[in-house]
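Please read it with the model open.

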Amino acid sequence: MNTNVRRQHNTSRAQIKHAFWVFSIWSWPICLIGVALTFILVGGYVPPPLPSWSAPQIAEWFLSDTTNKRLGAIGFLYFSGLTILFYAVISEEIRKIEGEPALLARAQMGSAVILVTVFQFIGMNWLLCTYRPEISPEIIRVLNDYCWFMWSMFIPTYMVQYICVAIAGFMDDRPNPTWPRWAAWMNLWIAVGGAGGFLAVFFKGGPMAWNGLIGFYIPVVIYAVGNCINCALMLKRHRLERSTLVSSTASA
């Protein structure tokens, strides 16, 4: 009887573990869809406000549509927070490749935590811009500048994260690697693709500004598409490992 109870408990535990692992991988597309619906469509944060706008213009941008701006920022907070699950799976996949001591996995996860924390600070500051309509427009503009600078320029740890993924891909000598060689190079491209945001501090208009092609759109597209590919690769790896486990259990 105890053996049957223990077997049922182990089966239930394995099912929960499997379900949470799959949900964590799918947290990226959930985040992407959620941010598109709340942050972009409801909040109207994309396209970004122009860096050249005056303080009264920035204040008016926030305060003329306060409810939607708040809902967009709240959606950004919650959905961007989900990505910590996605990055945790990436970290564990790196750990499987690297073994112990798992320095790459720790560096990648630490960088991911910083990135998600930055997203949270950005969302909170945008909410703060809408909280007191009576405050000086200059303060609202400073808060908004701070948010877009963090978005565009908080790049060093972001780069470390994807460089770690790339190195893990180059190290993976298994017959069916999580990140094939082309995917390792892709993650290097994700790391480099965000570097253009550094130029935003020098420009208030044009492609280099925080709302420009190089300062905003190219890094965002590379980041989003690259993570979608990483998501598909991790789902493929998980299905492979699960089918191998089931086959081993059946043969035993």
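## Cysteines

With a disulfide taken as a pair of cysteine sulfur atoms within 2.5 Å, the count comes to 0 disulfides. Cys129 is in no disulfide, and the nearest cysteine sulfur, that of Cys147, is 5.7 Å away. Cys129 counts as buried because its relative accessibility is 0%. The scale used here calls a residue buried under 20% relative accessible area, exposed over 50% and partly exposed in between, with a 1.4 Å probe and protein chains only.

Cys231 is likewise in no disulfide. Its nearest cysteine sulfur belongs to Cys228, 6.9 Å away. Cys231 is buried as well, with a relative accessible area of 5%.

## Basis of the values

The model is predicted: local features need pLDDT of at least 70, side-chain atom pairs count only at pLDDT 80 or more, and totals for chains, interfaces and linings use all residues. Residues are numbered from 1 along each chain as its sequence is written, and side-chain values use heavy atoms, with hydrogens and water left out.

## Aromatic rings

The structure holds 25 aromatic pairs. Rings of Phe, Tyr and Trp (for Trp, the six-membered ring) pair if their centres lie within 6.5 Å; planes under 30 degrees apart count as stacked, over 60 as edge-to-face and the rest as tilted. Phe39 and Trp151 form a stacked pair, because their ring centres are 5.8 Å apart and their planes are at 10°. This pair links distant parts of the chain, with Phe39 in helix H1 (residues 2-42) and Trp151 in helix H6 (residues 137-153), 112 residues apart. Helices here are DSSP runs of H or I with at least four residues, numbered from the N terminus; strands are runs of E with at least two. Phe39 is buried at 1% relative accessibility, whereas Trp151 is partly exposed at 21%.

Phe39 and Trp151 also belong to a cluster linked by ring pairs, together with Tyr45, Trp61, Phe62, Phe76, Phe119, Trp126, Trp148, Phe216 and Tyr217. Two of these rings have the charged end of Lys69 over them: Tyr45, at 5.7 Å from the ring centre, and Trp61, at 4.2 Å. A charge sits over a ring if NZ of Lys or CZ of Arg is within 6 Å of the ring centre and within 35 degrees of the ring normal.

Ser80 is found in helix H3 (residues 66-81) and is buried, with a relative accessible area of 2%. Its side chain reaches the backbone oxygen of Phe76 at 2.6 Å. A polar contact of 3.1 Å also joins the side chains of Ser80 and Gln120. A polar contact is a pair of N or O atoms within 3.5 Å; within protein, one must be able to donate a hydrogen and the other to accept it, and residues adjacent in sequence count only if both atoms are side-chain atoms. Leaving aside neighbours within four places in sequence, Ser80 is in contact (heavy atoms within 4.5 Å) with Cys31, Gly75, Val116, Phe119 and Gln120.

Thr38 lies in helix H1 and is buried, at 19% relative accessible area. The side chain of Thr38 reaches the backbone oxygen of Gly34 at 2.7 Å. Not counting residues up to four places away in sequence, Thr38 touches Gly43, Leu71, Gly72, Gly75, Phe76 and Phe79.

## Cis peptide bonds

The peptide bond from Val46 to Pro47 is cis, with omega near 5°. Pro47 sits in the loop between H1 and helix H2 (55-63).

Glu100 and Pro101 are also joined by a cis peptide bond, with omega about -5°. Pro101 is in the loop between helix H4 (83-98) and helix H5 (103-131).

H4 has 16 residues, which should span 22 Å at 1.5 Å a residue, and its end C-alpha atoms are 22 Å apart, in agreement. The expected span of a helix is 1.5 Å times one less than its number of residues. The buried residues in H4 include Thr83, Phe86, Tyr87, Ile90 and Ile94. An α-helix has 3.6 residues a turn, so residues three or four places apart point the same way. Just after H4, Gly99 takes a positive phi of about 75°.

Helix H8 (residues 181-193) has 13 residues and reaches 18 Å from its first C-alpha to its last, close to the 18 Å expected. Among the buried residues of H8 are Ala183, Met186, Asn187 and Ile190.
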